[in-house]
Amino acid sequence: PMGEAPAAELDAVLGGGGWDVGVSFEGPPPPTGPIRLGRNACYVVLAVLFNEEVRQPLRDPHPGGSWCPPDPSPSPQDGVLLVQEAKPECRGKWYLPAGRMEPGESIVAATRREVKEESGLECEPLTLLALEERGPAWIRFAFLARPTGGTLKTLEEADAESLQAVWWAGDPSVLPLRAPDILPLLDLAARYRRSPPHPPTLPQELPCAPLCLRLLVAFANDAGDLWVLLGTAGTPHLPVVACGTSPAELRRGLRLPVLRLLRDCLPPDPCPGPLGLLGLQHRAGGPGGADGICFNMLLSIPPGSPGAAPPEPRSPAFRWWRVEEESLRGRMLQRLRAAATVPVWS
């Protein structure tokens, strides 16, 4: 019955919202202290902006229901915003507006600041395009955004942030780029504008001291039956695992704590599908000045045979809950089958 499952938490997480993290976590390691930018974590923001005369913000036309993407029909003449670097090590090279977050700064505020400093434009982030990560040591948030004001920086206005900014309508790969890693992001942004694979996803303002992942672990068989893994300590809830901040774990990816939890609680050694981001939670200047983030992740455990049931958990700290409510089951299966989540690049 629905009363045995965290209905409100599932609905919020599935819809890209947030939920209180609490103080208890499943599996090792326990949080060793708060996340602090510049000490045990580095967050980077990056924005892709297209030159659009008239454009409606991306939105979910059916809030709380199934995602039905709009048809943005972008013009092939749209240019992408590029900035020319001023830093000595890459002076004269071209790149997307990007830079490190500052302690006590929100993710969206950092994106707006970097775009303004480097290009002269004001912007509104529309959705997270991709989460790129190397564990707590380096996490980059790549956004699709739209210009809302300002004027392009010219060479006469060059400063320590950048030399100039342009709307580039040609092939970016022909330019001397600071790094080619922006090319897959530009391709992802162009594809998102043509046919958004997931709803607009923006950070939710909720405090979080550590860096952690809330896991929506799903098991679906070919008959359409669906189960969700729950933690049983206290009120049933979606499991939350913390990322280690020891020197040995700082550069290990976000997938490490997920695999560690699944190996401990599910037989046999599971081979889960890729991580997909449903949403994220962060509040600037959190408890004690912490800069932690909770990533709400979706992943699936593939069935071993047709009509299979999920593997019995090894520990009483976990159990499977069968999703029978049709609307919730349909929404979850849609996100799973269409990979309708923000991609996580490790």
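Modeller: Begin with charge: Lys and Arg count as positive and Asp and Glu as negative, while His and the chain ends are not counted. The place of a charge is NZ of Lys, CZ of Arg, CG of Asp or CD of Glu. Here the chain has 33 positive and 39 negative side chains, and the centres of the two sets lie 3 Å apart. This is a predicted model, in which local features need pLDDT of at least 70 and side-chain atom pairs count only at pLDDT 80 or more, whereas totals for chains, interfaces and linings use all residues. Residues are numbered from 1 along each chain as its sequence is written, and side-chain values use heavy atoms, with hydrogens and water left out.

Colleague: What does the radius of gyration of the chain agree with?

Modeller: The radius is taken over C-alpha atoms, and the globule rule is 2.2 Å times the number of residues to the power 0.38. For 346 residues a compact globule would have a value near 20 Å, and the 21 Å of the chain agrees.

Colleague: Which strands form the open sheet?

Modeller: Strands are DSSP runs of E with at least two residues, numbered from the N terminus, and two strands pair if DSSP finds at least two bridges between them. The open sheet has the order E3-E2-E7, with antiparallel pairing. Strands E3 (94-95) and E7 (164-168) stand at the edges with a single partner strand each, so one side of each lacks a neighbour in the sheet. Strand E2 (residues 80-84) pairs with E7 over five bridges, and Val80 stands opposite Trp168 in E7.

How values were computed:
Helix = DSSP H or I, 4+ residues; strand = E, 2+ residues; numbered from the N terminus.
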